[in-house]
Amino acid sequence: MRANGRPLTTTASPTAVRNLGILAHVDAGKTTITERVLFATGAIHKRGEVHDGTTVTDFDAQERDRGITIFAAAVSCTWGGHRVNLIDTPGHVDFSDEVERSLRVLDGAVAVFDAVAGVEPQSETVWRQADRHGVPRIAFVNKLDRAGADLDTAVASLRERLGAVPLVVQLPIGAQDSFRGVVDLLRMRSLHWHAGADTYEEGPVPEPLLQEARQRRRLLEETVAGLHPEALEEFCATAELSERTLVRALRELTLRGEGLVVLCGSAYRNRGIEPLLDAVLAYLPSPADMPPVRGTADGVDQERSPDPAEPFAALAFKVTATATGRLTYLRVYAGTLRKGATVLDAATGRTERVGRILRVQADRHEEREAAVAGDIVAVVGLKAARAGTTLCAPGAPLVLEPPSVADPVVSVAVEARRSTDTGRLSAALARLAEEDPSLVVRSDAETGQTVLSGLGELHLEVAVEKLRSGHGVEVAVGRPQVSYRETVVRGVSGLVHRHVKQDGGAGQFAHVVLDVEPLAEATFEFRSTVVGGRVPQEYARAVEAGCRDALAEGPIGGFPVTGLRVTLTDGATHSKDSSEMAFRAAGRFGLREALRRSAMELLEPLVEVTVTVPQDGVGGVLGDLAARRGRVQGSTAEAGTAVITATVPLAELFGYASRLRGRTQGRGTFTTRPAGLAPVPASVAGALPLR
């Protein structure tokens, strides 16, 4: 039975729209499910496969080479007279910001779980993200055809690790290789897919499963009655729940987040997709079910209903550059957007014209005349809009809350291999950061390096490859340099320096006597104690300027010098040859000589690291921090997780993101903030590549 995928010839009303995402751990089957949904609805006529690189949503060359979803891809199809806008999100932790931006504009989600592994680390991450956004979900336990697949075990992991209340509405028919269909516990019927067929057959519940199906239906009724007051009334009156009551109660529990409808199947074998689509329509909300969107205008809170007649308001959540131009993806929350309309960027006050409106099908597009409240579309013609920009009617400004952006945790230094490509590299990096707000590009003023920061090493690998393949810029990638410092441990007193230069004509003469002493703070102080006018005030200021020049490079490794006080105690001038230039040179060369005679020490930057890990990963994390010369400051435990605070040298944190994820199966996260400077141990300093 594959008859529900009828095309909609007109713009669907908000009640006939479903905006949903597919969420899961990497390799749980999200992209395969999306592909089968498109096939079942008639949006495509040939099924693609992830391992062949032929799926609709994994259209980027890197996605096909790596066999994983990297970029959130939007597709659209119809089922049962409804428009289904679907976003296939990445499952790898390095691309969680793509998930975050998608969840900001979605009304519901299908959470996919592997029937063998159950809840996996990234499953937890995306689940918590959906919790933060209040996105209603249903669950699909996939890969029931695999060896070791067990629906009950997977459902138990939903309860134990996610704190969900599973409401299982299907019973598998067959197991592992013999899995061939499901029992629908609401209608008490069987759905049977034949090998190699694209349709299923309905029938009675198989006799061997009838008793178990009745028991599971009874358990479902009891669980729903315990959660839903109206269902409880009917259950107490009749000792059972009708199909109609069950469906209504399941929908209301889903919308409130109090229950999780669980379905099952095997997307790879095309089994279970049609009932999943029916469940999407039955249980997940339409834009009309959502509360009015809230925003601000001139500092005053306002609301706008998901009504095509309301003033237009939309949120840009993704920007991509394509061969046909710059695409800005929008979620329309209120009003109607027509081709050629002028819209207002509420944050900047700029107006822009919408050239074209496109219904997105991954990398293919269908032109539309208009988009209404509830639609997810891409538009062409906007030049300044970024992810998080609110677009609205010029006469009715409104600023919506933008998606949050994760702080980067790992960095690399990038430079063009050819000096002629330096300008192109800067433009390409700016384009990358525009398309992916979780990528941060900065120029280190001290090292002169261009530093690219992101959410993980794979995230940066993908970005660098995009520079090469997408922008044609060959880049060299290396570790960012650490900004070490040098400081004075024991200074010198009475250092005399005479700067004399005679090249014909007016010469240069300056005589200075300097004291150098350490300071506890990482600062520089200069003072003059000269009396009797032996060094005029303007020359003393020139000596200070020369000393500051000398601080740029220390005697140990050429690193900047800090943590010292310089005192000008005496000096002499020449009536004709003394000048500010001469005294500045005397200050510079005199302090350099004084630093060479002083006892110096190398300092390294420290960061305070806050690590959040499951309790069972604490031991490994503490050992790894100790190996990185970290000092643990404290640890707290709450709800099965531990929060560890430690001070770690910045140089030891390169590669830490990947190591932490490896030790905690992807469940560990960390944040950092600067924590000052500390002496570098002699054993470490000897191995540094000094300048």
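Is Val414 buried or exposed in this model? At 3% relative accessibility, Val414 is buried. The legends below describe close-up views of a predicted model.

**View 1**
A residue under 20% relative accessible area is called buried, and Val414 has 3%. Leaving out residues up to four places away in sequence, Val414 touches Leu425, Leu429, Thr450, Leu452, Ala476 and Val477. Arg159 is 255 residues from Val414 along the chain, and the C-alpha atoms of these two residues are separated by 45 Å.

Apart from neighbours within four places in sequence, the residues in contact with Glu435 are Arg101, Val319, Thr320, Ala321 and Lys466.

**View 1. Packing of helices α1 and α9.**
Two packed helices are described by the angle between their axes and by the distance between the axes. Helix α1 (residues 30–40) packs against helix α9 (residues 273–283) at an angle of about 85°, and their axes are 10 Å apart. The two helices, α1 and α9, are therefore roughly perpendicular to each other. On the α1 side, the residues that meet α9 are Ile33, Arg36, Val37 and Ala40; on the α9 side they are Ile273, Leu276 and Leu277. Sorted by class, the contact of α1 with α9 has six nonpolar residues, no polar residues and one charged residue.

**View 2. An open sheet of four strands.**
The strand order in this open sheet is β30-β31-β34-β32, and the pairing is mixed. Strands β30 (492–501) and β32 (524–528) are the edge strands, each pairing on one side only. On average, neighbouring strands of the sheet are turned by 25° against each other, with direction ignored.

**View 3. Strands β32 and β34, with helix α12 on the sheet.**
Strands of a sheet pair through backbone hydrogen bonds, either parallel or antiparallel. Strand β32 and strand β34 (residues 564–572) run parallel and are joined by five bridges. Phe526 stands opposite Val566 in β34. Helix α12 (residues 537–550) packs on the sheet and touches β31 (508–518), β32 and β34. The direction of α12 makes about 155° with that of β32.

**View 4. Lys143 and Ala239, two loop residues with positive phi.**
Most residues other than glycine have a negative phi. What is phi of Lys143 near? Phi of Lys143 is near 65°, a positive value in a residue other than glycine. Lys143 sits in the loop between β5 (137–142) and α5 (151–162). With a relative accessible area of 17%, Lys143 is buried.

Ala239 also is not a glycine, and its phi is positive, about 70°. The loop that holds Ala239 runs between α7 (229–238) and α8 (243–256). Ala239 is partly exposed, with a relative accessible area of 40%.

How values were computed: Residues numbered from 1 in each chain as written. Predicted model: local features only at pLDDT ≥ 70, side-chain atom pairs only at ≥ 80, totals over all residues. Heavy atoms only, no water. Contact = heavy atoms within 4.5 Å. Buried < 20%, exposed > 50% of the residue type's maximum accessible area, 1.4 Å probe, protein only. Axes fitted to C-alpha atoms, helices over the stretch in contact; angles between N-to-C directions. Parallel < 35°, antiparallel > 145°, perpendicular 65-115°, else oblique. Nonpolar A, V, L, I, M, F, W, Y, C, P; charged D, E, K, R; others polar. Pairing = 2+ DSSP bridges.
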